[in-house]
Amino acid sequence: MSIQSSFFSADHDDNLFATSHAGERALNRAIVSAEISRSFEKYIEIFERFYAEDIEVSSATSTGQIRGKARVRSLLYNFLVPLHVMAEIEGLSVSIRQITMPGDAADETHSAWTLDLVGVSGRRCTVSWRTLRTWKDSLVAYEHHYDEQQSGGPLTEDDLAISQYARGLA
């Protein structure tokens, strides 16, 4: 019986591994394919599709966790709406890249992300981080961001189209 039990456990881990990694690939592909200059709503749709109601999110740079889909959705809006406006109206170029990283547990996935922001002035700010996700029932149940880095200074209003336009009028 104990030998048979261990076989079932291995099968379960294999299924969990396949399910979590298939979900991770689909989620990451959706994030990378969406274009913030066209719509921030697409990212909210992705969030609604792939994240559990009781999602927990944490970061190596903050002290606490954020729990619940409503709270995380609110933070996403606060980040995505200004980014969308700057990309659509102010000429900010936004690109995001992702690389899958190996992990140890069947229900965990790891990836490395890079977000490039380039203003109309040509100044660039690049932010990179790594993400650990834990999957449950084909949904992200936990997400942790770590190894966060930034190169290039923060972009200012001088890097946006409205500032460039205003200078031309002066």
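In this predicted model, the lining of the second largest pocket consists of F79, L83, M86, L92, L115, L117, C125, V127, L155, T156 and L160. Two or more of these residues come from each of α3, β4 and β5. The largest share, 3 residues, is that of α3. By class the lining divides into 10 nonpolar residues, 1 polar residue and no charged residue. The volume of this pocket is about 180 Å³.

The largest pocket holds about 1,100 Å³ of space. Its lining is made up of 38 residues, and those nearest the centre are L76, F79, W129, E143 and H145. The elements that contribute two or more residues to this lining are α1 (2-33), α2 (41-50), β1 (51-59), α3 (69-88), β3 (93-101), β4 (108-118), β5 (124-136) and β6 (139-151). Among them, α3 gives the most, with 7 residues. The lining has 25 nonpolar, 9 polar and 4 charged residues. F79 takes part in the lining of the largest pocket and also in that of the second largest pocket.

T114 counts as buried because its relative accessible area is 17%, and the limit for buried is under 20%. Leaving aside residues up to four places away in sequence, T114 touches S95, I96, R97, T126, V127 and S128. One of these, V127, is part of the lining of the second largest pocket.

Across the whole structure, 3 aromatic pairs are found. One of them is formed by W113 and W129, which are stacked with 6.4 Å from centre to centre and 10 degrees between the planes. W113 belongs to strand β4 and W129 to strand β5, so the pair ties together parts that lie 16 residues apart in sequence. Both W113 and W129 are buried. W129 is also one of the residues nearest the centre of the largest pocket.

Two charged side chains are placed over aromatic rings. R49 lies over the face of F50, at 4.5 Å from the ring centre. The ring of F47 has the charged end of K69 over it, 5.7 Å from the centre of that ring.

Technical notes
Residues are numbered from 1 along each chain as its sequence is written. This is a predicted model: local features need pLDDT of at least 70, side-chain atom pairs count only at pLDDT 80 or more; totals for chains, interfaces and linings use all residues. Side-chain values use heavy atoms; hydrogens and water are left out. On a 1 Å grid over the protein atoms alone, a cavity is a set of points where a 1.4 Å probe fits but cannot get out, and a pocket is an open set with protein on both sides within 12 Å along at least five of seven lines; lining residues have an atom within 4 Å of a point. Grid points are joined across faces, edges and corners, and a volume is the space filled by probe spheres set on the points. Helices (H or I, at least four residues) and strands (E, at least two) are DSSP runs, numbered from the N terminus. Ala, Val, Leu, Ile, Met, Phe, Trp, Tyr, Cys and Pro count as nonpolar, Asp, Glu, Lys and Arg as charged, and the others, Gly among them, as polar. Buried means under 20% relative accessible area, exposed over 50%, partly exposed in between (1.4 Å probe, protein chains only). Contact means heavy atoms within 4.5 Å. Rings of Phe, Tyr and Trp (its six-membered ring) pair if their centres lie within 6.5 Å; planes under 30 degrees apart count as stacked, over 60 as edge-to-face and the rest as tilted. A charge sits over a ring if NZ of Lys or CZ of Arg is within 6 Å of the ring centre and within 35 degrees of the ring normal.
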